[in-house]
Amino acid sequence: MTGLAMPKPDAATLARRAEIVADMKIIVPGEGVVDAVNGMRAFETDGLTAYRQLPLVVVLPETTAQVARILRYCNDRNIRVVPRGSGTSLSGGALPLEDAVLLVMSRFNRILDIDYANRTVTAQPGVTNLGITHAVEQEGFYYAPDPSSQIACSIGGNVAENSGGVHCLKYGLTANNVLGIEMVLMDGQVLRLGGKHLDAEGYDLLGIMTGSEGLLGVVTEVTVRILKKPEAARALLIGFPTSEAAGQCVADIIGAGIIPGGMEMMDRPAIHAAEDFVRAGYPLDVEALLIVELDGPGPEIDHLIGQVEAIAARNGSTACRISTSEEERLAFWAGRKAAFPAVGRISPDYYCMDGTIPRKELPKVLAGMRAMSERYGLGVANVFHAGDGNLHPLILYDANRPGELEKAEAFGSDILRLCVEVGGVLTGEHGVGVEKRDLMGTMFTQDDLDHQMRVKCAFDPNHLLNPGKVFPQLRRCAEMGRMHVHKGQMPFPDIPRF
């Protein structure tokens with residue numbers, strides 16, 4: 001672990017490790033418990049690899065009943081639990097704790113129901129995002145949210161983080177495509193929220209669970225909406241002499257009432273890295289590249305292509321290439337989808353950020369990032385979900401050089417502060433986790449955070465699910481609204497306060 005502050009391990013839990021492991025093996029027999037150090041190494045981190053920590057024990061249940069027994073057991077004995085999907089989280093949301101059971105849901109990997117009449121799929125949470133599309137594509141359907149990690153990320157993890165992807169501009173994030181879930185509370189209760197119907201009456205508990213980052217319950221089943229594939233789709237590669245011009249083009253396209261299926265932006269370092277990696281045919285003499293995809297009936301696409309070309313020309317575009325086949329369209333996207341691993345070839349390490357801003361502020365934020373890059377002495381490659389203002393700056397650094405990781409983290413924090421300053425938010429789809437936890441106060445007041453904490457208390461009153469994530473201060477529910485320091489003595493002095 002680095003200097004990141006996490007909850008202090010509970011000595012009583014650590015002392016009972018052998019007993020806990022033995023009990024877990026009774027609940028999940030066979031090979032469902034991993035307690036050897038070498039075996040647990042595979043689970044010590046997630047996509048935010050700067051932070052690592054071995055868990056108390058790794059448990060891989062296969063049934064909802066097993067999940068319920070594990071959570072009830074831990075709740076009764078005051079043992080912390082960290083839920084984990086495929087481990088692709090980029091915010092440290094699945095970072096283990098030394099005194100916590102790591103509950104890995106990867107064995108929940110079956111599709112349970114495909115209902116074309118209602119256009120839904122019900123799947124276990126360990127099914128990959130792309131696996132849902134593969135299951136229905138022979139009938140001309142697909143699942144719209146498509147994170148770049150879709151080949152590996154799980155649908156349960158998508159629910160936890162409210163994941164998006166390159167096509168979320170037109171078709172929405174996970175929250176817009178999940179219809180129902182089965183979940184288990186910390187006390188072992190099994191609940192169903194939503195279903196194949198469009199909406200349910202009462203409080204929007206499904207909306208609360210989507211994006212809750214494993215703090216409220218463990219999802220054991222997900223029902224999602226599937227869509228019919230559009231009649232046609234074509235993509236444009238448009239190059240610009242400056243990132244500001246590309247950013248203005250994005251705003252003008254949306255301002256003209258055109259909602260592309262996807263609209264992505266890359267700057268020069270990202271363009272060159274992706275082209276060297278994938279050979280997608282990207283222009284290399286531009287400072288910024290837009291990928292604009294238009295889908296629907298053929299005549300409508302032709303009309304919109306003409307409009308987008310005209311808007312791009314008014315913003316000084318210097319290159320424009322339109323896909324002429326499905327293979328070429330997919331090649332355009334292959335470079336963007338591979339941008340993250342491609343950047344890994346030009347820098348020993350990179351730190352992927354995730355903030356969201358109003359589209360009109362893109363030129364200002366890009367200029368601000370350039371100034372920060374010079375100040376910190378670290379490069380940055382930018383890939384954006386440009387249509388909805390979701391930024392993914394990749395800060396380039398070398399972890400083997402003393403102090404560079406700390407500089408990269410400080411650089412990233414400054415980017416996120418700038419996003420909030422211009423009216424944006426700390427995260428678009430990666431979640432808060434541990435990465436942005438200590439920045440929550442830049443966006444929310446204490447009253448805001450207290451109300452969010454009250455939701456946490458309603459689901460998990462003992463704060464045993466994924467503690468140390470999202471909230472910058474670890475508290476028990478008994479403390480809510482009652483913090484009082486008397487003669488220098490705080491209540492509950494044993495609780496870490498970050």
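**Cavities, a pocket and helix packing**

Guide: The lining of the largest cavity has, by class, 6 nonpolar, 4 polar and 3 charged residues. Keep in mind that this is a predicted model.

Visitor: How many residues line the largest cavity, and which lie nearest its centre?

Guide: There are 13 in the lining. Nearest the centre are His463, Gly468, Lys469, Phe471 and Leu474.

Visitor: What volume does the largest cavity have?

Guide: About 80 Å³.

Visitor: How many cavities of 30 Å³ or more are there?

Guide: The count comes to 2. The second largest cavity has a volume of about 30 Å³.

Visitor: Which residues line the second largest cavity?

Guide: Ile357, Arg359, Leu362, Phe384, Ala386, Gly389 and Leu391. By class, that lining has 5 nonpolar residues, 1 polar and 1 charged.

Visitor: Now the open sites. What is the volume of the second largest pocket?

Guide: About 710 Å³. It is lined by 25 residues, and the closest to its centre are Asp146, Gln150, His167, Arg329 and Leu330.

Visitor: On to the helices. At what angle do α9 and α14 pack?

Guide: At about 155°, with the axes 8 Å apart. Helix α14 covers residues 362-376. Angles over 145 degrees count as roughly antiparallel, so α9 and α14 are roughly antiparallel to each other.

Visitor: Is the crossing of α9 and α14 left-handed or right-handed?

Guide: Right-handed.

Visitor: Which residues meet there, between α9 and α14?

Guide: From α9, Ser243, Glu244 and Gly247. From α14, Leu362, Pro363, Leu366, Ala367 and Arg370. The contact has 4 nonpolar, 2 polar and 2 charged residues. Leu362 also lines the second largest cavity.

Visitor: What about α9 and α11, how do they pack?

Guide: Helix α9 runs over residues 243-255 and helix α11 over residues 298-314. Their angle is about 140°, and the axes are 9 Å apart. That makes α9 oblique to α11. The crossing is right-handed.

Visitor: Which side chains or backbones touch? I mean, which residues of α9 meet α11?

Guide: Cys249, Asp252 and Ile253 in α9. Their partners in α11 are Val308, Ile311 and Ala312. Those contact residues are 5 nonpolar and 1 charged, with no polar ones.

Visitor: Last pair. How do the axes of α14 and α15 cross?

Guide: They cross at roughly 160° and come within 10 Å. Helix α15 spans residues 404-421. That angle makes α14 roughly antiparallel to α15. Here too the crossing is right-handed.

Visitor: And which residues of α14 and α15 meet?

Guide: In α14, Val365, Gly368, Met369, Met372, Ser373, Arg375 and Tyr376. In α15, Lys407, Ala410, Phe411, Asp414, Ile415 and Leu418. By class, the contact has 8 nonpolar residues, 2 polar and 3 charged.

Methods: Residues numbered from 1 in each chain as written. Predicted model: local features only at pLDDT ≥ 70, side-chain atom pairs only at ≥ 80, totals over all residues. Heavy atoms only, no water. Axes fitted to C-alpha atoms, helices over the stretch in contact; angles between N-to-C directions. Helix = DSSP H or I, 4+ residues; strand = E, 2+ residues; numbered from the N terminus. Parallel < 35°, antiparallel > 145°, perpendicular 65-115°, else oblique. Left-handed = near helix turned anticlockwise from the far one by under 90°. Contact = heavy atoms within 4.5 Å. Nonpolar A, V, L, I, M, F, W, Y, C, P; charged D, E, K, R; others polar. 1 Å grid on protein atoms, 1.4 Å probe; cavity = no way out; pocket = protein on both sides within 12 Å on 5 of 7 lines; lining within 4 Å. Points joined across faces, edges and corners; volume = space filled by probe spheres on them.
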